[in-house]
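Let's walk through this structure together, starting with the whole chain and then zooming in on a few details.

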Amino acid sequence: MTRRLLVSLLLAMAMATPVAADEPAKKSDKKKDSEPVDNYTELFARYLAEARALGASLIVALNDDDSVRRLAKGPDRPINALADRLAVMAALESVAMVSWFTEDTPLQLIRICRPDVLVKGGDWPVHAIVGASEVMGWGGRVASIDFAHQRSTTSLLKKIRTAESSTLG
């Protein structure tokens with residue numbers, strides 16, 4: 001059986017999903033995860049490891065800097081530029097490949113990559129995940145992984161700003 005080949009046009013690279021010698025021939029179980037996250041924590045690394053466990057490889061798609069700003073994150077966001085976020089994400093053991101998208105949603109990239117598993121964080125119900133109907137339409141599955149702890153960059157910045165204003169005032 002021919003293995004599906006993932007081609008990311010945005011990164012101009014291709015890779016075959018690795019298969020263990022004793023693994024039966026099956027779909028490649030590629031998955032795609034997209035989050036407008038601009039500051040990574042240890043919990044986010046755990047979330048990606050859990051997403052990776054759902055298939056043979058994990059491809060992460062990040063919002064570009066303009067997209068993060070457009071999604072009402074604010075003019076001082078992202079905290080880390082796209083190039084830095086891509087480098088950090090690519091260094092994680094659970095991540096096989098990183099890409100990005102310039103649109104407000106990753107739908108176009110999902111259609112190009114055709115993941116077998118689409119993963120989002122637990123704050124997204126499956127029916128509301130962008131690309132869910134497309135992935136399920138070609139026989140894939142969609143997962144919403146629960147967060148162990150609720151932490152966000154927005155909350156962290158609010159806490160920092162509150163502390164700064166109380167020391168300055």
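Here is a short tour from the overall fold down to single residues.

First, some housekeeping: this is a predicted model, in which local features need pLDDT of at least 70 and side-chain atom pairs count only at pLDDT 80 or more, while totals for chains, interfaces and linings use all residues. Residues are numbered from 1 along each chain as its sequence is written, and side-chain values use heavy atoms, with hydrogens and water left out.

The protein chain has six helices and seven strands; helices (H or I, at least four residues) and strands (E, at least two) are DSSP runs, numbered from the N terminus. Along the sequence, their order is β-β-β-α-β-α-α-β-α-β-α-β-α. Of the 169 residues in the protein chain, 39% are buried, meaning under 20% relative accessible area, with exposed over 50% and partly exposed in between (1.4 Å probe, protein chains only).

Now look at strands E6 (residues 117-121) and E7 (residues 141-145), which pair in the parallel sense over five bridges; pairing requires that DSSP finds at least two bridges between two strands. Within this pair, Lys120 stands opposite Ser144 in E7. Together with helix H5 (residues 132-137), E6 and E7 make a right-handed β-α-β unit: with the strands pointing away from the viewer, the path from the first strand over the helix to the second runs clockwise.

Finally, find Asp66 in helix H2 (residues 65-73). Is Asp66 buried, partly exposed or exposed? Asp66 counts as partly exposed because its relative accessibility is 42%. Asp66 and Leu82 are 16 residues apart in sequence, and their C-alpha atoms lie 9.6 Å apart in space.
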